Amino acid sequence: AGAALFGACGSSAEDSSLLADAVAGGATPRLPPSSGVRRFLNPRAMAGSLTRGGRLFDVVVWGGAGFTGRLIVEYLCRVVAREHPRLRWAIAARDRGKMEAVKAWAMARAGPLPPGAEEPAILVGDARSQESVDRIVGEARVVISAAGPFWTHGAPVVDACVRLGADYVDIAGETPWFKTLATRFHAAAEKAGVRIVPACGFDSVPSDLGTLHALLALRARTASAGADVRCFVVMSGKLSGGTMATGILMDSLGDEVAAQRADPFLVGGRPTGRAAAAAPRARERDLDSAEFDETIRAWVGPFMMATINTRVVRRSAELLRASPAFPELAGLYGPDFCYSEVQMARDEAVATALARGMPPVSKRQEMVSRGKLPKPGEGPSEELRAASWFKFGFVATAEDGTAVATTVQGGDPGYSETAKMVAESALCLALPERRARLPQGAGVLTPASAFGVLLVENLHTRGIRFAVEPAMPTAEGLQSPPHSHAPASKL
């Protein structure tokens with residue numbers, strides 16, 4: 001497998017032969033100075049990776065040359081490689097030149113690596129060739145996929161992960177993709193003991209883990225199961241060209257896909273108690289108008305990510321209700337658990353604008369071609385990302401009427417924090433000390449059902465703050481931006 005991998009990477013036949021000898025268990029070879037393998041293959045690397053599951057890489061970032069992919073690479077260089085220098089990881093994409101540029105940029109921002117840390121390897125692969133994908137995935141313990149749209153590019157990577165035994169996380173926000181994963185791969189992944197965890201970025205970590213955190217806060221006050229969680233979103237940020245292109249694709253796929261996207265229970269979570277016959281209930285239907293919300297005494301409108309996030313939270317409810325992999329989460333989500341998500345607006349006019357939604361596909365395509373909207377590969381500048389932020393306010397209510405308010409807040413939602421969220425998700429699977437805290441459950445999971453409180457704790461220490469609030473949320477409190485994105489105090 002090692003020799004085949006380096007054939008895909010463009011290394012020499014000599015490199016491939018040397019690597020094959022090493023993988024087969026022979027003595028560590030003496031590498032010529034020009035060897036492409038020398039960049040990461042040395043006795044320390046061999047001891048650090050090949051003895052942990054027989055894979056060359058703990059983590060491979062698939063799609064590392066894209067806008068969000070390069071931020072993931074930068075986070076791994078700047079933060080993760082310093083704290084975990086024995087981590088062996090690689091960047092994979094089609095274009096070696098682009099990956100070399102991303103690697104140079106990320107390492108320049110990170111500064112010198114600590115002693116013993118290895119630079120990321122560069123692997124050339126193409127999702128249009130299953131053989132090419134298999135060569136790379138076969139040498140990975142965990143794959144981070146940042147190569148969207150996942151509807152068109154994602155299946156070969158997941159297929160390889162399930163067959164070859166690599167865990168998988170991605171940053172997808174495409175509900176038809178979630179349905180494809182659940183239908184096509186869940187049973188096989190569960191049988192293989194492989195965790196497939198989509199939606200590990202801004203879609204849908206704050207919603208999914210925020211709901212879990214709110215229900216745990218509720219449990220501290222009552223033994224009654226969670227009946228209802230309402231989420232109010234405030235955010236400031238810009239879209240990238242990749243996000244724009246995915247939205248255009250999703251809106252162009254026809255009536256069958258549109259019907260899937262409109263299904264509140266597309267990937268599970270239908271109530272199983274007394275409310276089953278009435279589902280979907282009013283707040284389980286996607287908001288499509290401006291409303292004045294009495295809970296926070298403010299206008300709200302549709303949140304553009306709610307049709308994604310609500311489906312993920314409901315799947316978490318179904319998975320954790322049916323077979324709670326984490327014993328401490330048993331009974332958190334009641335049989336008639338209800339989740340809803342809206343965006344808070346400054347006034348009625350803004351809420352009404354939110355309800356109008358995005359322009360038609362043809363108009364967006366025209367705006368992209370004229371440079372009025374970003375193209376794939378483009379995105380908000382570092383300055384814009386530094387000024388961006390999000391805050392999610394949750395109100396959780398138990399079956400006995402007990403209520404609690406919580407928040408999740410952080411910096412640039414779509415990109416900088418997404419890179420952090422998906423990288424930390426991958427580390428839950430890649431680092432032995434973290435993986436040991438996970439249950440044995442496998443299949444097509446969600447962030448909450450796969451990682452539970454572990455990911456909440458890790459993100460909290462990285463500056464994405466989870467807090468129990470002393471009072472119910474107010475418009476003024478939610479609208480105030482976070483004061484800092486520095487590492488937070490203990491939960």
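Arg-297 counts as exposed, at 53% relative accessibility. In this predicted model, Arg-297 has a phi near 55°, a positive value in a residue other than glycine. The protein has 491 residues, and buried residues make up 56% of them.

**Overall make-up**

- The protein contains 20 helices and 14 strands.
- Among contacts with a separation of 6 or more, 79% are between residues 24 or more positions apart.
- The accessible surface comes to about 19,400 Å², and carbon and sulfur atoms hold 53% of that surface.

**Backbone exceptions**

- Most residues other than glycine have a negative phi, and most peptide bonds are trans.
- Arg-297 sits in the loop between S8 and strand S9 (298-301).
- Ala-199 is not a glycine either, yet its phi is positive, about 60°.
- The loop that holds Ala-199 runs between strand S6 (195-197) and helix H10 (205-219).
- With 1% relative accessibility, Ala-199 counts as buried, whereas Arg-297, at 53%, counts as exposed.
- Gly-148 and Pro-149 are joined by a cis peptide bond with an omega of about -5°. Pro-149 belongs to the loop between strand S4 (140-145) and helix H7 (150-153).
- A cis peptide bond also joins Ala-279 and Pro-280, with omega about 0°. Pro-280 lies in the loop between helix H12 (255-262) and strand S8 (291-293).

**Helix H5**

- H5 covers residues 96-110, which is 15 residues, and spans 21 Å between its first and last C-alpha, close to the 21 Å expected at 1.5 Å a residue.
- The buried residues of H5 are Met-99, Val-102, Lys-103, Ala-106, Met-107 and Ala-110. These residues lie on the same side of H5, because they cover an arc of only 125° around the axis.
- Lys-98 and Ala-108, on the other side of H5, are exposed.
- The cover over the buried residues of H5 includes helix H4 (67-83), strand S2 (89-93) and strand S3 (121-124).
- At the start of H5, the backbone nitrogen of Gly-97 has a side-chain oxygen of Asp-95 within 2.9 Å.
- After H5 comes Gly-111, which has a positive phi near 85°.

**Helix H13**

- Of the 17 residues of H13, 13 are buried, so the helix is largely enclosed by the rest of the structure.

**Nonpolar cores**

- In soluble globular proteins, nonpolar side chains tend to be buried together.
- The largest nonpolar core has 120 residues, of which Ile-196 and Phe-451 touch the most other members.
- Beyond its neighbours within four places in sequence, Phe-451 is in contact with Val-169, Val-197, Cys-200, Phe-326, Ser-425, Cys-428, Leu-429 and Leu-438.
- Another core, of eleven residues, lies apart from the largest one; its members include Val-234, Ala-298, Val-395 and Leu-478.

**Arg-230**

- Arg-230 is part of strand S7 (residues 226-236).
- Is Arg-230 buried or exposed? At 19% relative accessibility, Arg-230 counts as buried, since the cut-off for buried is under 20%.
- The side chain of Arg-230 makes a polar contact of 2.5 Å with the side chain of Asp-293 and one of 3.0 Å with the side chain of Thr-295.
- Not counting residues up to four places away in sequence, Arg-230 touches Arg-283, Asp-293, Thr-295, Ser-340, Gly-393, Phe-394 and Val-395.

**Lys-375**

- Lys-375 is in the loop between helix H15 (361-369) and helix H16 (382-387).
- Its relative accessible area is 36%, so Lys-375 is partly exposed.
- Lys-375 and Gly-241 are 134 residues apart along the chain, and their C-alpha atoms are separated by 4.2 Å.
- Leaving out residues up to four places away in sequence, Lys-375 touches Gly-241, Gly-242, Val-368 and Ser-369.
- A polar atom of the Lys-375 side chain lies 3.3 Å from the backbone oxygen of Val-368.

Note on methods: Residues are numbered from 1 along each chain as its sequence is written. This is a predicted model: local features need pLDDT of at least 70, side-chain atom pairs count only at pLDDT 80 or more; totals for chains, interfaces and linings use all residues. Side-chain values use heavy atoms; hydrogens and water are left out. Helices (H or I, at least four residues) and strands (E, at least two) are DSSP runs, numbered from the N terminus. The expected span of a helix is 1.5 Å times one less than its number of residues. Buried means under 20% relative accessible area, exposed over 50%, partly exposed in between (1.4 Å probe, protein chains only). The arc is that of the directions from the helix axis to the C-beta atoms. Contact means heavy atoms within 4.5 Å. A polar contact is a pair of N or O atoms within 3.5 Å; within protein, one must be able to donate a hydrogen and the other to accept it, and residues adjacent in sequence count only if both atoms are side-chain atoms. A nonpolar core is a set of buried Ala, Val, Leu, Ile, Met, Phe, Trp, Tyr and Cys residues joined through side-chain atoms within 4.5 Å. Accessible areas come from the Shrake-Rupley method with a 1.4 Å probe; for residues, only the protein chains shown count as cover.
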